Amino acid sequence: MKTDLSTTIDPSSPMDFVLPPELEASEPPEARGLARDAVRLLVSYRQTDRIEHARFDDIGRYLAAGDLLVINTSGTMNAALPAIRADGARLELHLSTHLPDGVWSVELRLPQNGATVPFLTAQPNEILTLPEGASVQLQQPYAIGKIPGSVRLWRATLRLPCPLHAYLERHGFPIRYGYVREPWPSAYYQTVFANEMGSAEMPSAGRAFTAELITRLVARGVQFAPLVLHTGVASLEDHEPPYAEYYRVSEDTARAVNVARTAGRRIIAVGTTVVRALETVTDGENVTRPGEGWTELIVTAERGIRAVNGLLTGLHEPRATHLAMLEALANRASLRMAYRESLRNHYLWHEFGDLHLLLPYPH
């Protein structure tokens with residue numbers, strides 16, 4: 001008998017609730033006997049507080065000709081590497097973001113009981129050995145941990161015997177957290193849109209799309225526009241905001257967003273990464289422009305969202321900073337209702353889980 005989990009949510013805020021372990025998707029849907037696009041889809045409407053339950057392959061029922069879906073075409077790197085300290089201790093190095101000055105932000109993690117936990121006591125200038133004679137040298141702290149004197153992210157220099165992506169193909173593997181109980185090949189961490197490697201973690205809101213589903217949507221008149229945002233590592237334990245991430249928004253995509261906005265059509269971001277990139281290049285007069293660079297923008301309800309009026313996203317953890325972004329699209333009461341329904345109906349969280357489509361109004 002399934003337990004009613006809806007009472008675990010704090011009635012005062014959608015950002016503080018209990019996520020039961022059984023709702024953490026521990027494997028891809030394909031391993032559960034499902035197609036990629038057969039995960040569940042929660043649909044909520046901001047203007048009516050209406051909520052519907054569906055399968056993702058039925059998303060066309062909720063989209064109309066002229067709707068614009070903005071997608072992230074970043075591919076997921078094998079961003080985890082085995083690393084050895086001078087004292088012989090074995091760690092995992094997680095590449096996060098290739099920064100403007102050519103160094104990387106990286107995280108060190110300690111293997112523990114089949115998973116990893118943050119390793120917070122490395123030292124400046126420390127050199128760790130990587131496979132095939134490669135190495136990484138830590139420089140200065142990039143992000144301080146919550147424990148006094150600890151460092152979660154470092155600025156670091158990589159020394160590799162060959163180009164990065166070739167090296168990662170040979171020696172790297174996808175970043176995996178404790179709720180995913182066994183390793184999966186890198187193909188499980190790619191979306192159908194991926195055409196430019198660079199993300200440390202999968203832009204997972206687009207994972208459920210298949211070529212066949214996209215073809216059906218395009219035939220109905222749904223439009224797609226691409227951009228790139230290379231995601232850095234998530235702060236799973238501390239729920240820190242994202243740090244600088246590389247983005248690129250083309251002139252064609254900026255124009256498509258502006259045309260849709262002027263026409264009063266629905267503009268739906270496929271993932272919080274898309275929101276971050278578009279908000280970076282959308283000004284106070286709601287004009288979106290092409291742009292490229294590194295963004296440190298944090299989107300909150302107080303700031304608001306200018307570029308899009310809809311969002312397809314996964315279900316986010318309690319107190320996760322992405323929930324603050326969702327509040328910029330849906331008021332707190334609506335978002336709380338949607339998450340209560342997700343808990344009550346046993347939706348699955350994380351990159352291999354179910355999805356949430358937030359729309360301003362039905363078509």
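**Entry 1**

I started at N125, which sits in the loop between β8 (115-118) and β9 (127-129). This is a predicted model, so I read the backbone angles here as computed values. Phi of N125 comes out near 70 degrees, which is a positive value in a residue other than glycine. Is N125 buried or exposed? With a relative accessible area of 55%, N125 is exposed, and the cut-off for that class is over 50%.

I then looked up N286, where phi is near 65 degrees, again a positive value in a residue other than glycine. N286 belongs to the loop between α4 (272-280) and β16 (291-295). Its relative accessibility is 33%, so I filed N286 as partly exposed.

**Entry 2: A234**

Next I went to the loop between β13 (223-229) and β14 (245-249), which holds A234. I noted A234 as partly exposed, at 33% relative accessibility. Which residues does A234 touch once its neighbours within four places in sequence are left aside? I found R152, Y177 and E201. For the pair A234 and E201 I also wrote down the spacing: 33 residues apart in sequence, and 7.6 Å apart in space from C-alpha to C-alpha.

**Entry 3: A269**

A269 took me into strand β15 (residues 267-270). Here the relative accessible area is 0%, so A269 is buried; the limit for that class is under 20%. Setting aside its neighbours within four places in sequence, I listed the contacts of A269 as V70, V274, V275, V308, G310, L311 and L312. I checked E292 as well: A269 and E292 are 23 residues apart in sequence, and their C-alpha atoms are 18 Å apart in space.

**Entry 4: helix α5**

I wanted to know how many residues of helix α5 (residues 322-329) are buried. The count is six of the eight, so α5 is largely enclosed by the rest of the structure. The buried ones are L323, A324, M325, L326, E327 and L329. I noted that E327, a glutamate, is on that list. What do the buried residues of α5 pack against? I traced them to α4, β17 (310-314), α6 and β18.

**Entry 5: the cavities**

I counted three cavities of 30 Å³ or more. The largest cavity holds about 80 Å³ of space. Its lining has 13 residues, and those closest to its centre are S204, R207, E351, F352 and G353. By class, I sorted the lining of the largest cavity into five nonpolar, four polar and four charged residues.

The second largest cavity holds about 60 Å³. I listed its lining as S44, Y45, R46, N309, G310, L329, A330, S334, L335, A338, L358 and L359. Which elements give two or more residues to this lining? They are β1 (40-45), α6 (332-344) and β18 (355-359). The largest share, three residues, comes from α6. In the lining of the second largest cavity I found seven nonpolar, four polar and one charged residues.

**Entry 6: a pocket**

I turned to the second largest pocket, with a volume of about 160 Å³. It is lined by 14 residues, and E92, F173, P174, R176 and P183 lie nearest its centre. I recorded the classes of this pocket lining as nine nonpolar, three polar and two charged.

**Entry 7: the whole chain**

I finished with the overall picture. The chain has six helices and 18 strands. Its radius of gyration is 20 Å, close to the 21 Å that the globule rule gives for 363 residues, so the chain is as compact as a globular protein of that length. The C-alpha trace spans about 60 × 55 × 40 Å along its principal axes.

What share of the 363 residues is buried? I noted 56%. Of the contacts with a separation of 6 or more, 69% come from residues 24 or more positions apart. The chain exposes about 15000 Å², and carbon and sulfur atoms supply 53% of that area.

Notes:
Residues are numbered from 1 along each chain as its sequence is written. This is a predicted model: local features need pLDDT of at least 70, side-chain atom pairs count only at pLDDT 80 or more; totals for chains, interfaces and linings use all residues. Side-chain values use heavy atoms; hydrogens and water are left out. On a 1 Å grid over the protein atoms alone, a cavity is a set of points where a 1.4 Å probe fits but cannot get out, and a pocket is an open set with protein on both sides within 12 Å along at least five of seven lines; lining residues have an atom within 4 Å of a point. Grid points are joined across faces, edges and corners, and a volume is the space filled by probe spheres set on the points. Ala, Val, Leu, Ile, Met, Phe, Trp, Tyr, Cys and Pro count as nonpolar, Asp, Glu, Lys and Arg as charged, and the others, Gly among them, as polar. Helices (H or I, at least four residues) and strands (E, at least two) are DSSP runs, numbered from the N terminus. The radius of gyration is taken over C-alpha atoms; the globule rule is 2.2 Å times the number of residues to the power 0.38. Buried means under 20% relative accessible area, exposed over 50%, partly exposed in between (1.4 Å probe, protein chains only). Contact means heavy atoms within 4.5 Å. Accessible areas come from the Shrake-Rupley method with a 1.4 Å probe; for residues, only the protein chains shown count as cover.
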